[in-house]
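Look over the sequence and the model before reading on.

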Amino acid sequence: MSEKKLTAFTFASRQEINIDSLHILDSGKIPEDMYGHVYMNSPVGTVNAETPIPQYLEDGTQNSEYGQPIFNGDGMVFRFDFGGGKIGVKSALMKTPCYYADEATKFGTKYYNEGIYFKGQGIARTSMKLGSRNQINTALNTFKFSGDEHTRITANFDAGRPFEINPETLEIKTAVGANKEWLDEFDGVFQYTFPLCQSTAHPFFDCETKEYFTVNFTKSLVNLLFRNDGLNSYLANEREEVTKNVQNLDKQLKGRKLKSDSFCKLLLEFFSFLHINKNNPKEFDVQKTIEKIDNSPIIGQKNAVWLLKWEGKNPLQKWRIIDEDGNDIVIHQTMHQTNYSKNYIILVDSSLKFALDIMFDVIFPKLEWLDELIRWITKRAILPQTPLYIIKRSDLQNGSGTVTAKKVIIPLETVHYSIDYDDTDDKITIHTSHNTASCAAEWIRPYDNLAINGNDVYDNTIGLITTGEMDIGRIGKFVIDGKTGTIIHSNVIWEKGFTGNDVPQNKNDLKPHTWAVGLNTYRDINSADTNVNKIKYNFWQSYGLDPRMLTKFIWNLYKDYQNRIIPTDDLLKYTEQMVPFCLFRQDTDTMTINEDFYIFKMNENLRSLQFVPRKRNTNDANLIHPQLDGYIFCTMVNGEPDVLHAPDEYSREIWIFDAANLKSGPICRLGHPDLQFAFTIHSIWTPDCRNTVSEYSIDVKTDYEWVINKFTNPFKKWRMKRFMKKNVYPKFK
């Protein structure tokens, strides 16, 4: 048995590690037949600070990044190596070109003092001088083109290009696609060295056709991310006048519908008005301003979606996606995931919002009341349904330029979904998770209050995604006719985990539940070698109900949720009574989840899960279903069980379950003092770990010189070329 190192709930180390063997924390034993490698992505803070982000900088001034979500940070990829009855771990920061620009301009440098630096802005990290960070901190994909002997890997991000990484060293190898092949959200408006390219955290690779697909989309959007010290000073001294104007704006906007870019421009005009009239208090004229901005040009790109195909060589193939009327499809939220079957590609407008209220954390550190008011004005709930876009793969003709998609509406929110590869008779089977009345882009702010008692949130939860449920989560299976785009069969299930009107005091009496359905895994999920014709068994995590996570803001945002099953009064009571995390197995044929499950203790926090197949000899009799023949590898962040208000001391652990026998509990629990993560996210499993030498490589200097050469400001062009030559290009020689 080994000592556990206890650290803060949201602590994530930025120290790269290379551990020969994890320590067994109890009497368990690592299975001898585990093999291969699990890769896992995790955000780990910024060049200025590990998480949790400190409230004050080194010089004692307030830190404007305090309170940002822990998802906004550099990616750290962990690789867990199985073999010989032990598990080793290696990790590395994802050092993209913009990472080195961030490092060169961090707090304390001359660039920072000149106002040239990146800053956390809600879910993004941006710079008005440099552009947008691609932190590739979210997901990973496997692929293997024709002629490749070993599995290859990309690290992915919703707001940037994928980057291929070396599976052995975990170093960055190349971007997928040059900057000139991607559309910048603000192309032609701002002269940014590092463009904002909206994409997906989940590209896909079809091992049968050897094709790698991703997306690039643009939205009409205004950049509201600015800071004005003069305005900040005025607001501090004129709280009464500002509050009156804010309330007036809120009153006049109620019930009024504005297009997203018009609303953004209205807010820009509002803040400009406050600043200009700081010495001459006046009332903001909402109607006159709307008339003005309705006739002004749109800032940024128009709505458009492009499907990109990569076959391991230049250039990327691209199709602009249009609807059946010939119009561009419009993405209102994000395209967090893409997926496919044998004959179709399925894209979604994911229930992971990209709105103004998540594009800032603490704008005015000394004025929490104002930050809260701005958040309320800009707030927006996720859409209570999910548009799907179905593309027939045979329609992807080289050189055609466009491809038509059929639109289908799933009547519930969806972020992640899995698809059977077999689509015989054009029947597409989609397995869905439904984050009902819950958006993973929300997080706990320093000025939030708890819905349960109105108290301030706990300091050690600031920055965590708001996983407090505002209705019961659900799991679905939809069968769609690919030819007509109609839903021909659907089945949606949910389970409270208990009967009656109260959560059992003894949590051992709980059954599997779907409170806050999260990540899932199954055998050969995201495989470079095998397409899963039919997903029979799906493994899920559910977050449960934790009173520390449900804030008043989220409560008010979703209390009138239109798809509600659980009455709000019951919901608040259940949250106060608490429901812990659950790991369960779903039978997709019977649509049941009660056959095999494990209920954790409160304050045992399941972060990620990954199916790892069992290594069999050729003569072994396989006595169980192949999709149960393996293990569920889990990352955990654990406090004192059943005690939520204990000291902020948590261990990082690895738990391994038998996929065919979850209810027996973890086979073993492992840890190491150097293994310190706050929130692991998506993962993959590979059978091998060897680098592939490829001719495909995007030269970093050529790539960014193309961007800078488009600048119309000659001084900025000269300055940025000098900056890149000194701080970025040498890192990639």
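Q: Which exposed residues does the face of H11 turned away from its buried side carry?
A: H11 has a buried side, and the face in question is turned away from that side. Helices (H or I, at least four residues) and strands (E, at least two) are DSSP runs numbered from the N terminus, while buried means under 20% relative accessible area, exposed over 50% and partly exposed in between (1.4 Å probe, protein chains only). The exposed residues on that face are Pro714, Phe715, Lys725 and Lys726.

Q: What pLDDT do local features need in this predicted model?
A: Residues are numbered from 1 along each chain as its sequence is written, and side-chain values use heavy atoms, with hydrogens and water left out. This model is predicted, totals for chains, interfaces and linings use all residues, side-chain atom pairs count only at pLDDT 80 or more, and local features need a pLDDT of at least 70.

Q: How far apart are the end C-alpha atoms of H11?
A: Helix H11 covers residues 714-727, which is 14 residues. The expected span is 1.5 Å times one less than the number of residues.

Q: Within what arc do the buried residues of H11 fall?
A: Lys716, Met720, Phe723, Met724 and Asn727 are the buried residues in H11. Because they line one face of the helix, their directions seen down its axis (from the axis to the C-beta atoms) fall within an arc of 95 degrees.

Q: Which helices are included in what covers the buried residues of H11?
A: The cover is judged by contact, meaning heavy atoms within 4.5 Å. Among the elements covering the buried residues of H11 are helix H1 (97-104), helix H2 (110-113) and helix H10 (700-708).

Q: Which backbone nitrogen does a side-chain oxygen of Asn713 reach?
A: Asn713 sits at the start of H11. Its side-chain oxygen comes to within 3.0 Å of the backbone nitrogen of Phe715.

Q: How far apart in space are Phe723 and Ala101, C-alpha to C-alpha?
A: Phe723 lies in helix H11 and is buried, with a relative accessible area of 4%. Not counting residues up to four places away in sequence, Phe723 touches Ala101, Ala104, Thr105, Tyr111, Leu130 and Val728. Phe723 and Ala101 are 622 residues apart in sequence, yet their C-alpha distance in space is 8.4 Å.

Q: Which residue in the turn between E15 and E16 has a positive phi of about 85 degrees?
A: Strand E15 (residues 304-310) runs antiparallel to E16, with 4 bridges joining them. Lys309 stands opposite Gln317 in E16. The two strands form a hairpin with 6 residues between them, and the turn residue with that phi is Gly312.

Q: Which residue in E11 stands opposite Ala155?
A: E9-E10-E11-E12 is the order of 4 strands in an open, antiparallel sheet, with E9 (139-143) and E12 (172-175) at its edges. Strand E10 (residues 152-156) pairs with strand E11 (residues 163-165) over 3 bridges. The residue in E11 opposite Ala155 is Phe163.

Q: Which residue's backbone oxygen does the side chain of Thr338 reach at 2.6 Å?
A: Thr338 is found in strand E17 (residues 338-340) and is buried, with a relative accessible area of 4%. Beyond four places in sequence, its contacts include Thr200, Phe213, Leu347 and Tyr417. The backbone oxygen reached at 2.6 Å is that of His202.

Q: What percentage of the residues in the chain is buried?
A: The chain has 11 helices and 34 strands. Of its contacts with a separation of 6 or more, 73% are between residues 24 or more positions apart. Among the 733 residues, the buried share is 63%.

Terms used:
Polar contact = N/O pair within 3.5 Å; in protein donor to acceptor, adjacent residues only side chain to side chain. Pairing = 2+ DSSP bridges.
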